[in-house]
Amino acid sequence: RRVAIFTCISNPDLTDTQKLELEFTRGMTYPNWETPFYKELDGAATHGWDAMEVVYDESKPLNVGLEQVGHDKLFFPKSCLDIQDAASIIRGYDVTINQLKGFVENFAFDKEQVGRLIAARANKNDAPETLRIYKKFCKYDNQVYVSWFSLEHGCDNWLKQPIPLVLGISKKQTVQVPQTIMGPMGIPQQVMQPQEQWVDEPIRQYPIFILPYRETE
């Protein structure tokens, strides 16, 4: 009936959270939502562990998607006991040329670097169907940044420069915004006025979670 139980942090006496829990459950149990979990269980049973990533996905009801990463596509220091303590972690993707072109148009990937990858595969009958690129997460000033890169075909810069990770988590803040008012003698002038806006909340945890294989009832 519910996939999570909520408690109000600011008001612990508020105990009636059933509507929130119901709507959260409806949003998270979108069609085929179980599939990544099945894949993760198969991967964990085979290798001992696998991982899931929480991604921002506007096609899902709450803009939250769950993706199975794959044991062979997640890279982090093997001596690190907690993945959240790693300076950086990397996820590999196998993508097609058409996908890369879409990344340039839709996600501001560097056109020159992507062009090098595409040109290297042009008119080659023995070229693989996909290219391997990587997404890198790192923490700077206690905030997660994300970038994309490739190790193939002469790429000498990022496919996409590091930027703060955005997962759609935001909070309301009062900020100063410029507004035009009529000043003395009817001359318009700009002044700073307080205004409430929703701003992106800094992400402090890597959105990747390792789920080890274990027997349960």
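Contact is taken here to mean heavy atoms within 4.5 Å, and with that cut-off isoleucine 89 touches Phe75, Phe76, Ile83, Lys135, Lys136, Phe137, Tyr206 and Ile208, not counting residues up to four places away in sequence. The model is a predicted one, in which local features need pLDDT of at least 70 and side-chain atom pairs count only at pLDDT 80 or more, while totals for chains, interfaces and linings use all residues. Residues are numbered from 1 along each chain as its sequence is written, and side-chain values use heavy atoms, with hydrogens and water left out.

Isoleucine 89 also belongs to the residues with the most contacts inside the largest nonpolar core, which has 15 residues; the others named there are Leu74, Phe137, Val144, Leu165 and Ile208. A nonpolar core is a set of buried Ala, Val, Leu, Ile, Met, Phe, Trp, Tyr and Cys residues joined through side-chain atoms within 4.5 Å, where buried means under 20% relative accessible area, exposed over 50%, and partly exposed in between, with a 1.4 Å probe and protein chains only. Apart from this core lies another, of 12 residues, among them Leu100, Phe103, Cys155 and Leu159. In soluble globular proteins, nonpolar side chains tend to be buried together.

The strands and helices named below are DSSP runs numbered from the N terminus (H or I and at least four residues for helices, E and at least two for strands), and two strands pair if DSSP finds at least two bridges between them. An open sheet of 5 strands has the order β3-β4-β5-β6-β7, with antiparallel pairing. Its edges are β3 (74-75) and β7, each with a single partner strand, so one side of each is left without a neighbour in the sheet. Between β6 and β7, which run antiparallel, there are 3 bridges, and valine 146 has isoleucine 163 in β7 as its bridge partner. Helix α3 lies across β4 (88-95), β5 (131-140) and β7, running at about 120° to β4; the axes behind such angles are lines fitted to C-alpha atoms, for helices over the stretch in contact, and the angles run from 0 to 180 degrees between N-to-C directions.

Rings of Phe, Tyr and Trp (its six-membered ring) pair if their centres lie within 6.5 Å, planes under 30 degrees apart counting as stacked, over 60 as edge-to-face and the rest as tilted. By this rule there are 13 aromatic pairs. The rings of phenylalanine 103 and phenylalanine 109 have their centres 5.1 Å apart and their planes at 45°, so this pair is tilted, and both residues are buried. Phenylalanine 103 also pairs with tryptophan 148, with centres 6.3 Å apart and planes at 45°, so that pair is tilted as well. Because phenylalanine 103 lies in helix α3 (residues 97-107) and tryptophan 148 in strand β6 (residues 143-149), the pair ties together parts that are 45 residues apart in sequence. The relative accessible area of phenylalanine 103 is 18%, and tryptophan 148, at 15%, is likewise buried. One aromatic cluster is formed by Tyr93, Phe103, Phe107, Phe109 and Trp148.

A second open sheet has 3 strands in the order β2-β1-β10, again with antiparallel pairing. Here β2 (64-68) and β10 (208-212) stand at the edges with a single partner strand each, so one side of each is left without a neighbour in the sheet. The twist averages 25° from one strand to the next. Strand β1 (residues 49-56) is joined to β10 by 5 bridges, and tryptophan 49 stands opposite proline 212 in β10. Helix α2 (residues 35-47) packs on the sheet, touching β1, β2 and β10, and its direction makes about 155° with that of β1.

Strands β8 (residues 170-182) and β9 (residues 188-200) pair in the antiparallel sense over 13 bridges. They form a hairpin with 5 residues between them, and methionine 185 in the turn has a positive phi of about 65°. Asparagine 32, in the loop between α1 and α2, also has a positive phi, near 70°, and is exposed at a relative accessible area of 58%. Histidine 153, in the loop between β6 and β7 (160-164), has a positive phi of about 55° although it is not a glycine, and is partly exposed at 33%.
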